[in-house]
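This briefing is for a reader meeting the structure for the first time. Look over the sequence and the model below, then read the points by topic.

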Amino acid sequence: MSFNELAAELEQRQQQFLYRKRRTLETPQQPLVQVDGREYLAFCSNDYLGLANHPEVIESFQAAANQYGVGGGASHLVSGHSQAHHELELALAEFTGRPRALLFSTGYMANLGAVNGLLDKQDAVFQDRLNHASLLDAGLLSGARFQRYLHNDAESLDKRLGKTEARRKLVVTDGVFSMDGDVADLPALAKTCQAHEAWLMVDDAHGFGCLGQSGGGCAELYEMGHEKLQVLVGTLGKGFGTAGAFVAGSEELIETLIQHARTYIYTTSMPPAVAAATLTSLKLLQQEAWRRDKLEALIEQFRTGCEQIGLQLMDSPTPIQPILVGESDKALEISQGLEDDGIFISAIRPPTVPQGGARLRVTLSAAHDEKQVVHLLEVLEKVSKKAGLI
Ligand SMILES: *Cc1c(COP(=O)(O)O)cnc(C)c1O
């Protein structure tokens, strides 16, 4: 069998401006990066607090590598559950105000593991239409009845929950929507869940570190304990600046996942040094509130600036500040225009976002400064005018 068919498919994808290409980063994640040999001011990483390249985090990583070596060596249930993992789980449980927390190697795996550890064919899963791909995949894989409700709409959820006769009902939502930046209306969703005896699962990949007094994300923002928000997922590769993920919740939830979550059981534990580094980034994230304050000021500055140049933004209070463009070719054109002027923001196109919803996903970080945002706004104005966006 030849690969001609694949070649034709790839060709077609290119013609639709949907072809994806990787760029090679030659520096750490920081505002000024070198990509494919050229310097850029970047506004598209998820390192919201500037911890990915923090000296203390690096130091903890190095010290733990000396102590534990590099590889986890085995799965958690065999012999790969190190003291560094255990300490981080205890700290994350305390941080989230939950009885227990369980580490996973990635956020994608945490979502697959949590949903599939809890549900099977007798059950039903209800998902926000704009949920992250890993949540949608988790629901589909579980074999549970799969339904989507309108974006952030508790009423639409209520209608669907009212019609189900499933054994278990799990409602799943992003905490901060990854491509739009808006925050889920968790109080309304939790109330609806309560009325129908459904569990609520929130993937707060983009909320941790950014939202709440001490960076506790949506759960802290809305003051929701595990009685109201039963399954809380956090990822460590974004605000935390490291890698991996966790699920936090009740004793019963975590023990169930240890027994049944296949993406927990059948995989090697994350390198212990990553856990040790995360313990340090957790400490910085909680104690250094100035990072959140600075981020908030930069978000405000960016939004005000966009309004002044007539660029329409989405209704987002978070560091995710997308500029909706519409067509994929246009998004690519603008992204290229920005690059020509030394600004790196990749275009996000379907199927990551809905058809006609291509956008520039601008993200801000506490590592950026005011001057850099001013420069971004200047270049954005020039490029958007040229592209006819304003
Ligand atoms: C990034 C992301 C994930 C995946 O996390 P990884 O640790 O990168 O695998 C899951 N959910 C949401 C909402 C995300 O944005």
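This is a predicted model: local features need pLDDT of at least 70, side-chain atom pairs count only at pLDDT 80 or more; totals for chains, interfaces and linings use all residues.

**Domains and their interface**

- On the domain 1 side, 24 residues are in contact with 29 residues of domain 2.
- Between them the two domains bury about 1900 Å², and 61% of that area is on carbon and sulfur atoms.
- The interface has 10 residue pairs in polar contact, both residues being at pLDDT 80 or more.
- Two or more residues each come from α13 (290-309), β10 (320-326) and β13 (358-363) on the side of domain 1 that touches domain 2.
- One salt bridge is counted between domain 1 and domain 2.
- D180 and R359 form a salt bridge through their side chains, with 3.1 Å from N to O.

**Nonpolar cores**

- The largest nonpolar core holds 82 residues, and F43, L92, V171, F240, F302 and L338 have the most contacts inside it.
- Helix α12 (residues 272-287) gives the most to this core, contributing eight residues.
- Both domains take part in this core, with at least three residues from each of domain 1 and domain 2.
- A second, separate core has 26 residues, among them F104, L135, M201 and V231.
- Beyond its neighbours within four places in sequence, V171 is in contact with F126, Y149, L157, L161, C193, A198, W199, L200 and M201.
- As a general matter, nonpolar side chains in soluble globular proteins tend to be buried together.

- G249 belongs to strand β9 (residues 245-249) and is buried, at a relative accessible area of 0%.
- Although G249 and R98 are 151 residues apart in sequence, their C-alpha atoms are 5.3 Å apart in space.
- Not counting residues up to four places away in sequence, G249 touches R98, P99, R100, Q230 and I254.
- S281 sits in helix α12 and is likewise buried, with a relative accessible area of 0%.
- A polar atom of the S281 side chain lies 3.0 Å from the backbone oxygen of F240.
- With neighbours within four places in sequence left aside, S281 is in contact with L51, V57, F240 and T242.

**Salt bridges**

- The whole structure contains 11 salt bridges.
- E56 and K283 form one of them, the closest N and O atoms being 3.2 Å apart.
- This pair links distant parts of the chain, as E56 is in helix α2 (residues 55-68) and K283 is in helix α12, 227 residues apart.
- E56 is partly exposed, with a relative accessible area of 34%, and K283 is partly exposed at 35%.
- R167 forms a salt bridge with D120, with 3.6 Å between the closest N and O atoms.
- R167 lies in the loop between α7 (154-162) and β6 (169-174) and D120 in the loop between α5 (107-118) and β4 (124-128), so their pairing ties together parts that are 47 residues apart in sequence.
- R167 is partly exposed at 41% relative accessible area, and D120 is partly exposed at 30%.
- E288 forms a salt bridge with R291, where the closest N and O atoms are 2.7 Å apart.
- R291 counts as buried, at 7% relative accessibility.
- A network of salt bridges links R23, D36 and E339.

Technical notes: Residues are numbered from 1 along each chain as its sequence is written. Side-chain values use heavy atoms; hydrogens and water are left out. A nonpolar core is a set of buried Ala, Val, Leu, Ile, Met, Phe, Trp, Tyr and Cys residues joined through side-chain atoms within 4.5 Å. Buried means under 20% relative accessible area, exposed over 50%, partly exposed in between (1.4 Å probe, protein chains only). Helices (H or I, at least four residues) and strands (E, at least two) are DSSP runs, numbered from the N terminus. Domain bounds come from an automatic or database domain assignment. Contact means heavy atoms within 4.5 Å. Buried area is the accessible area (1.4 Å probe) that two parts lose on being put together, summed over both. A salt bridge is a side-chain nitrogen of Lys or Arg within 4 Å of a carboxyl oxygen of Asp or Glu. A polar contact is a pair of N or O atoms within 3.5 Å; within protein, one must be able to donate a hydrogen and the other to accept it, and residues adjacent in sequence count only if both atoms are side-chain atoms.
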